[in-house]
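Please look over the sequence and the structure before reading on.

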Amino acid sequence: MATFLYKLGRLAFRRRHFVALIWVALLTLAGVGAASAPTAASSSFSIPGTEAQKAFDLLEERVPEASADGASARVVFKAPDGEKVTDPGNKSEIEKTVAALKSGSSEVARADSPFRTKTVSKDGSTAYASVSYKVTSMELTDESRDALEKTTDQARESGLTVEVGGDALQAMPETGATEIIGIAVAAVVLVITFGSLIAAGLPLLTALIGVGIGVSSITALASALDLGTTTSTLAMMIGLAVGIDYALFIVSRYRGELADGRDREDAAGRAVGTAGSAVVFAGLTVVIALVGLAVVNIPMLTKMGFAAAGTVVIAVLIALTLIPALLGYAGKKVKPTGDKSKVLGGGGKKPAAEEKAPKDNLGTRWARFVVRRPLTVLLVGVIGLGAAALPVSSLELGLPDDGAQPTSTTQRKAYDLVSDGFGPGFNGPLMTVADLKGTDDPKAAAGEITKTISGLDDVLSVAPPMINKAGDTAIISVVPSSKPSGIETENLVHSIRDAGAEIKSDTGASVMVTGTTAMNIDVSEKLNDALLPYLALVVGLAFLLLIVVFRSILVPLKAALGFLLSVLAALGAVVAVFQWGWLGSLFGVEQTGPIMSMMPIFMVGVVFGLAMDYEVFLVTRMREAYVHGERPGQAIVTGFRHGARVVSAAAVIMIAVFAGFIGSSEQMVKMIGFGLAIAVFFDAFIVRMALVPAVLALLGRKAWWLPKWLDRALPNVDVEGEGLRDLDASGTRDADEDEDRELARV
């Protein structure tokens, strides 16, 4: 592989006009496709195989007018102090507002007055109107949301306190500002790393081109493939991060080859042949982790994974072809390692002694320290990460409700008004669906179900059953005593489902629980059940891939164990901050609660791919030095001399990109940003920079042991570039014309 990529890199360097033209054409084509494609609504959210989804499907078939899985809004009214909502003036204003809500959008299925549904608090101070939509919250148009907000704003002018809860106002948070912060930090880090504005600009330029092609392609295909607006979010975040990283490693290796005295074309070829090989396998690990999200069997998550994986593939191809082409355009403006541009204080000629012997950097000094005291470093690192992981034992998973929103939002204010006026359970009523098709007396069966549910623990009230015209389906609303995200409510959902078996044997009716609260519970359980199979698939495939890359058993095993340790430590930090409230004010956490249920599987997928990036880039350089004859300890130092600075810069860029999301007002986005940022910090600076060299130092030559039979069976991918060692520049040039003809056909 190294030899092929070497030829590809040199070809791209020489034929830079052709390569650049191809990528500009692809970017233009994707952009035109995105601009001319029909606007796609947000992808519908479905959870195949769950009871809540089965109930929604049944209602869609038999009671379509109910819009059971449609978006909902709860408009809460509170009268001024000393008044009641039932006073004539206030009542008239509320009725007028409900009428405006119903006529404000064609997507509104129904808007019920609180005086008709009797949703007025006992003291008369509070009431709420329920608004149901024909489409899901993810398919709701901006026009419908604007009409809802405009109507409630007008109602506030009468002196009433009016707040809106439910999922109708949920929208994807804006991430543009946070991404700009991440790019700005990345630019500063790249300039410091390379000491050159031109060299620093190349990774940023190519990453933006890659993300532009990826996101534009997703937009162009959104309508045809039912890709929602949420699909491009992960693709943009991951594509930007890995795009910068992959280009960073190749440009860094190019400068190192220049420092060794190679001409620019040969240096570009060798950079792609060595660092490019690592890029290919690092990209494969990320793709495996993202495509593996299909194991969860949540369509939206699967689409996000495939879209992000496609963007990663584009980033790899750009790093292998466009980067050497742009290096050809840059010429002498990209300096060898150690040289700085005149703008940054460089340009002077170095003393001859300094040119021959590279100075020890922080990476080499740290590596020597670890090699001298590997056991101490290993124990300190493992104990530290183990301590950070301890809170995981108290991990509570769930999907946050409006009670987790910032106190300044209308959703949170509506949630609190309902809790105070009616009870916390009114914020998340359960929708019980009874299939009465096999019963002798549907009305009697529905009454029996209502009676059974009323006798369960934590039930505040049960509404009379609503039976459809055909008499084969009933909807029963159940209000729990506890808040929607509480463990008591989850237990009640399971209790109703458990009672369903007895009800079916007595009446012949099937009972299912659905609604937003039940759907959240089912999603959490589905994600929890999929975590171990997903972990086994991703880590197992990557383990096999790393055996091929490193030709070792112990190095991939160490990489996988180190990753698990860093993810557990990161999850522990998330629990401490967002569930326990430690340092919550520092990160803007206003309300503690359960950890988002997709957090563990999301962190495993994203962080595993990125962690293997650092593992591949750092350890392949050590492997390369070892294969070329250095002792194991010296190979570790050599790997750190060339790789530590670049890996550290890549990690800082990743942390900056993810940490920018901590400033979001959305609790879920804040949690994801914090979790990914702290996971990258733990993995890059503790696991890869401390535990990896410590373990390799303790293992010595055994680290690179591979059974002979397995060595013969495995393909030789030559990531360390052994095949390039004997390449002669003059001999290579003689073969360039043949290579051009061969590669031009590819």
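## The sheet and its strand pairing

Which residue in β4 is the bridge partner of arginine 74? The model is a predicted one, and in it arginine 74 has glycine 165 of β4 as its bridge partner. The two strands concerned, β1 (residues 72-78) and β4, run antiparallel and are joined by six bridges.

These strands belong to an open sheet of four, in which the order is β2-β3-β1-β4 and the pairing is antiparallel. At the edges stand β2 (108-112) and β4 (161-166), each of which pairs on one side only. On average, and with direction ignored, neighbouring strands of the sheet are turned by 20° against each other.

## Helices lying across the sheet

Two helices lie across strands β1, β3 and β4: α6, which spans residues 142-156, and α15, which spans residues 410-421.

## The contact of α14 with α19

Elsewhere in the chain, helix α14 (residues 374-389) packs with helix α19 (residues 554-579) at an angle of about 40°, their axes being 7 Å apart. Because of that angle, α14 is oblique to α19. The crossing by which α14 passes α19 is left-handed.

From α14, the residues Val382, Leu385, Ala388 and Ala389 take part in the contact, and they meet Leu565, Leu568, Ala569, Gly572 and Ala573 of α19.

What is the phi of lysine 118, a residue that is not a glycine? Lysine 118 has a positive phi of about 60°, and its place is the loop between α5 (114-117) and β3 (126-133). With a relative accessible area of 72%, lysine 118 is exposed, since the cut-off for that class is over 50%.

Arginine 551 likewise is not a glycine and has a positive phi, here of about 50°; it is found in the loop between α18 (516-550) and α19. Is arginine 551 buried or exposed? Its relative accessibility is 9%, so arginine 551 counts as buried, the limit for that class being under 20%.

Terms used. Residues are numbered from 1 along each chain as its sequence is written. This is a predicted model: local features need pLDDT of at least 70, side-chain atom pairs count only at pLDDT 80 or more; totals for chains, interfaces and linings use all residues. Side-chain values use heavy atoms; hydrogens and water are left out. Axes are lines fitted to C-alpha atoms, for helices over the stretch in contact, and angles run from 0 to 180 degrees between N-to-C directions. Angles under 35 degrees count as roughly parallel, over 145 as roughly antiparallel, 65 to 115 as roughly perpendicular and the rest as oblique. A crossing is left-handed if the near helix is turned anticlockwise from the far one by less than a right angle, and right-handed if clockwise. Contact means heavy atoms within 4.5 Å. Buried means under 20% relative accessible area, exposed over 50%, partly exposed in between (1.4 Å probe, protein chains only). Two strands pair if DSSP finds at least two bridges between them.
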